[in-house]
Amino acid sequence: MSWKMKRDLHKAQELLQMELKTLPSACPTRWWSTLELVKRFLENQLPICKTLLEYSNKKHLMLEGNEISALEDFTTVTELLEDITSSLSSVSCTTFIYENKK
């Protein structure tokens with residue numbers, strides 16, 4: 001994101017009386033970063049759309065209803081996976097994988 005768009009996003013959030021938050025970046029080596037990005041996007045759809053509309057060369061980045069619905073479904077499923085992973089992970093003991101070789 002450019003600093004100008006970040007500034008305009010904050011202005012749009014202020015106008016809509018929302019908490020000022022930037023979009024986190026997704027990193028392939030940081031677990032769940034894409035989930036956090038999508039969740040933040042869904043929380044801030046209105047200010048993001050307002051910001052994109054101010055830039056004529058960025059209007060193509062606006063998502064349609066079916067794309068938003070797909071992101072909501074992605075979030076639901078991925079949060080479930082995150083919960084399962086957190087439940088199965090542990091710092092104090094190791095995970096044992098049993099392989100039944102016949």
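**Figure 1. The salt bridge of Lys50 and Glu54 in a predicted model.** Lys50 is partly exposed because its relative accessible area is 32%. The structure shown in this and the following views is a predicted model. The side chain of Lys50 meets that of Glu54 in a salt bridge, with 2.9 Å from N to O. Glu54 also counts as partly exposed, at 45% relative accessibility. Side chains of opposite charge can pair when their charged atoms come close.

**Figure 2. Overall arrangement of the protein chain.** The secondary structure comprises 4 helices and 0 strands. Read from the N terminus, the order of elements is α-α-α-α. The chain has 102 residues, of which 20% count as buried. Its accessible surface comes to about 8000 Å², and carbon and sulfur atoms hold 57% of that area. Among contacts with a separation of 6 or more, 55% are between residues 24 or more positions apart.

**Figure 3. The salt bridge between Lys39 and Glu79.** The closest N and O atoms of Lys39 and Glu79 are 3.5 Å apart, and the two residues form a salt bridge. This pair links distant parts of the chain, with Lys39 in helix α2 (residues 33-43) and Glu79 in helix α4, 40 residues apart. Lys39 counts as partly exposed because its relative accessibility is 24%. Glu79, at 30% relative accessibility, is likewise assigned as partly exposed.

**Figure 4. The salt bridge between Arg7 and Asp8.** The side chains of Arg7 and Asp8 meet in a salt bridge at 3.2 Å, N to O. Is Asp8 buried or exposed? With a relative accessibility of 9%, Asp8 counts as buried. Arg7, by contrast, is partly exposed, at a relative accessible area of 35%.

**Figure 5. The largest nonpolar core.** Which residues make up the largest nonpolar core? This core has 9 residues in all: Met5, Leu9, Val38, Phe41, Leu42, Ile48, Leu52, Tyr55 and Ile68. Two or more residues come from each of the elements α1 (3-15), α2 and α3 (45-53). Helix α2 gives the most to the core, with 3 residues.

**Figure 6. The buried residues of helix α2.** Ser33, Leu35, Val38, Phe41 and Leu42 are the buried residues of α2. The cover over these buried residues includes α3 and α4. Val38 is in contact with Leu71, Phe74 and Thr75, once its neighbours within four places in sequence are left aside. An α-helix has 3.6 residues a turn, so residues three or four places apart point the same way.

**Figure 7. The surroundings of Thr51.** Thr51 has its place in helix α3. A relative accessible area of 4% is the reason why Thr51 counts as buried. Which residues are in contact with Thr51, leaving aside its neighbours within four places in sequence? These contacts are Met5, Asp8, Leu9 and Ala12. Among them, Met5 and Leu9 also belong to the largest nonpolar core, whereas Asp8 meets Arg7 in a salt bridge.

**Figure 8. The aromatic pair of Trp31 and Trp32.** The count of aromatic pairs comes to 1. Trp31 and Trp32 form this pair, which is edge-to-face, with 6.3 Å centre to centre and 85° between the planes. A pair of aromatic rings is described by the distance of the centres and the angle of the planes. Trp31 counts as exposed because its relative accessibility is 64%. Trp32 is partly exposed, at 25% relative accessibility.

**Figure 9. A nonpolar surface patch.** Val77, Leu80, Leu81, Ile84 and Leu88 make a nonpolar surface patch of about 490 Å². Val77 is found in helix α4 (residues 65-88). At 48% relative accessibility, Val77 falls in the partly exposed class. Helix α4 also holds Glu79, the partner of Lys39.

Note on methods
Residues numbered from 1 in each chain as written. Predicted model: local features only at pLDDT ≥ 70, side-chain atom pairs only at ≥ 80, totals over all residues. Heavy atoms only, no water. Patch = residues over 30% accessible without salt bridge, like charges linked within 9 Å, V, L, I, M, F, W, Y side chains within 5 Å. Areas by Shrake-Rupley, 256 points an atom, 1.4 Å probe, with all protein chains shown as cover. Salt bridge = Lys/Arg side-chain N within 4 Å of Asp/Glu carboxyl O. Buried < 20%, exposed > 50% of the residue type's maximum accessible area, 1.4 Å probe, protein only. Core = buried A, V, L, I, M, F, W, Y, C linked by side-chain atoms within 4.5 Å. Contact = heavy atoms within 4.5 Å. Phe/Tyr/Trp six-rings, centres within 6.5 Å; stacked < 30°, edge-to-face > 60°.
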